[in-house]
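Hello,

Here is the structure I promised to pass on to you. Have a look at it first, and then read my notes below.

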Amino acid sequence: MSDFKTPKDVIAFIKSENIEIVDMRFTDFLGTWQHFSVPVSAFDEGSFESGFGFDGSSIRGWQAINESDMLIRPIADTAFLDPFTVHKTLIIICNVFDPITGEDYSRDPRYIARKAEQYLISTGIGDKAYLGPEAEFFIFDDVRFDQTHNAGFYYLDSEEGKWNSGREEGPNLGYKPRLKEGYFPAQPTDKLHDLRSEMTMLLEGVGINVEAHHHEVATGGQCEIDMRFDTLVLMADNMLKYKYIIKNCAYQNGKTVTFMPKPLWGDNGSGMHVHLSFWKDGKNLFAGKGYGGMSDMAMYAIGGILKHAPALLAFTNPTTNSYKRLVPGYEAPVNLAYSRRNRSAAIRIPMVHSSEKSKRFEFRCPDPSANPYLAFSAILMAAVDGIVNKIHPGEPLDKDIYDLPPEELLLVPQTPGSLHESLGALQKDHEFLLKGDVFTEDVIEEWISYKLRKEVKEMDLRPHPWEFALYYDV
């Protein structure tokens with residue numbers, strides 16, 4: 001992987017490697033990569049300044065049809081070779097601009113993330129925020145779903161699925177993980193080791209440092225590949241690369257990947273635990289002598305995240321499906337408390353590493369359906385608010401939450417029970433996001449409006465298959 005610094009470096013690489021196509025990538029409001037491509041004959045050093053125009057009216061959550069023209073400018077140091085295309089293609093991540101004013105577009109998620117990094121610096125608190133997301137996903141062999149006026153269904157299948165223990169497979173060789181027992185037996189029970197290794201090599205090839213890969217808890221193909229932490233914007237860039245590589249690698253191997261938080265009933269869902277630390281002048285500001293080896297600043301950051309968690313979840317858990325994972329009574333982190341080791345708490349302080357440089361805490365609520373630019377920025381803003389206002393998180397929750405008597409359990413606040421509730425919390429509590437003009441009222445209003453209009457209300461209108469089992473004979 002070449003180390004690009006300037007447009008001149010990119011152009012030299014294009015010539016030396018005989019690149020045929022340059023692919024422009026940008027992220028829509030909800031967090032999905034969009035792209036268009038140009039032949040190298042239409043791309044030169046001036047393209048980094050002049051950019052390329054496109055129609056923004058068809059991008060989810062963006063421009064109205066009467067103001068559809070948008071402009072993107074490629075960022076030289078984001079370029080990498082696409083490992084999947086037939087014609088040699090260089091992918092470049094872009095920032096989005098208004099073509100008339102020349103200003104950054106307020107709803108470009110990457111712009112919001114860039115502002116969040118600058119806001120942290122402007123406060124004087126720190127000069128870097130390091131984030132490390134642990135994104136889980138499912139690898140399936142077959143997926144079918146449909147919704148019509150008189151029918152609705154989904155069907156998922158995996159050669160690993162426990163439900164296939166009795167299937168004729170010519171022959172069925174067994175070794176299928178039981179429900180909640182996929183973490184993490186060796187081969188042949190883990191049938192996805194080689195595919196994850198292939199994904200890992202491709203990720204390394206595009207400049208993403210991978211720390212480990214393994215099968216996850218659920219049967220039927222749940223997996224995790226862990227990336228090394230990085231600064232906020234770069235980590236969000238890497239999260240989009242990660243999804244692209246994993247989905248396409250699976251696709252080329254005749255399989256399909258979903259980052260949907262809860263695709264299977266009765267087994268674990270997919271989370272995206274996010275590790276966070278603030279640094280200044282090369283020093284980890286979260287390392288200290290307090291609880292779990294944390295500093296006062298780290299405690300205040302935890303306090304800010306716990307205080308704003310109901311609103312945060314509108315960005316970190318942004319789908320109706322997200323709340324089928326965040327259900328009380330299971331392993332999901334629904335308790336708005338912190339702990340050194342209790343994985344049912346929303347925030348955990350890992351105790352594996354004793355090094356000062358390794359000190360951080362882990363926000364366990366998020367899931368991989370999130371737009372990483374918006375989710376990471378919102379987490380940073382909540383942490384900064386906690387530090388500025390010295391919001392202490394109270395006492396840790398080190399008890400087994402499942403053994404707490406009902407009267408004690410009532411004292412532990414919990415995450416919202418639905419996307420509708422989280423959006424309502426965001427409507428009431430978003431002043432902390434507006435500091436430094438990181439998020440704007442326009443962004444908050446459009447996010448809430450889009451999610452209510454396109455997702456919450458649409459789900460509310462449709463009968464659910466289980467309703468027929470419950471109510472057809474009433």
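**The second largest pocket**

The second largest pocket has a volume of about 570 Å³. Please keep in mind that this is a predicted model. The lining of this pocket is made up of 22 residues, and those nearest its centre are Asp-77, Gly-207, Leu-234, Asn-238 and Lys-241. Helix H5, residues 232-252, gives the most to the lining, with four residues. Sorted by class, the lining holds nine nonpolar, eight charged and five polar residues.

**Helix H1**

Next, let me take you to helix H1, residues 7-16. Which of its residues are buried? They are Val-10, Ile-11, Phe-13 and Ile-14. Seen down the helix axis, these buried residues of H1 fall within an arc of 160 degrees, so they line one face of the helix. Lys-8, Lys-15 and Ser-16 are exposed on the other side of H1. The cover over the buried residues of H1 includes strand S1 (21-27), helix H2 (47-50), strand S5 (80-81) and strand S6 (89-97). Just after H1 comes Asn-18, with a positive phi of about 55 degrees.

**Paired strands**

S3 pairs with strand S4 (residues 69-74) in the antiparallel sense, over four bridges. Within S4, Met-70 is the bridge partner of Phe-54.

Strands S8 (residues 142-147) and S9 (residues 152-157) also pair in the antiparallel sense, over six bridges. Gln-147 has Gly-152 in S9 as its bridge partner, and a hairpin of four residues joins S8 to S9.

**Backbone details in the loops**

Most residues other than glycine have a negative phi, and most peptide bonds are trans. With that in mind, please look at the loop between S9 and helix H4 (193-205), where Phe-184 is found. The peptide bond from Tyr-183 to Phe-184 is cis, with omega near -20 degrees. Pro-188 is found in this loop too, and a cis peptide bond, with omega about 10 degrees, joins Gln-187 to Pro-188. Tyr-175 also lies in the loop between S9 and H4, and its phi is positive, near 55 degrees.

Finally, Asp-437 sits in the loop between helix H10 (431-434) and helix H11 (441-461). Asp-437 is not a glycine, yet its phi is positive, at about 60 degrees. Is Asp-437 buried, partly exposed or exposed? With a relative accessible area of 46%, Asp-437 is partly exposed.

Definitions and conventions. Residues are numbered from 1 along each chain as its sequence is written. This is a predicted model: local features need pLDDT of at least 70, side-chain atom pairs count only at pLDDT 80 or more; totals for chains, interfaces and linings use all residues. Side-chain values use heavy atoms; hydrogens and water are left out. On a 1 Å grid over the protein atoms alone, a cavity is a set of points where a 1.4 Å probe fits but cannot get out, and a pocket is an open set with protein on both sides within 12 Å along at least five of seven lines; lining residues have an atom within 4 Å of a point. Grid points are joined across faces, edges and corners, and a volume is the space filled by probe spheres set on the points. Helices (H or I, at least four residues) and strands (E, at least two) are DSSP runs, numbered from the N terminus. Ala, Val, Leu, Ile, Met, Phe, Trp, Tyr, Cys and Pro count as nonpolar, Asp, Glu, Lys and Arg as charged, and the others, Gly among them, as polar. Buried means under 20% relative accessible area, exposed over 50%, partly exposed in between (1.4 Å probe, protein chains only). The arc is that of the directions from the helix axis to the C-beta atoms. Contact means heavy atoms within 4.5 Å. Two strands pair if DSSP finds at least two bridges between them.
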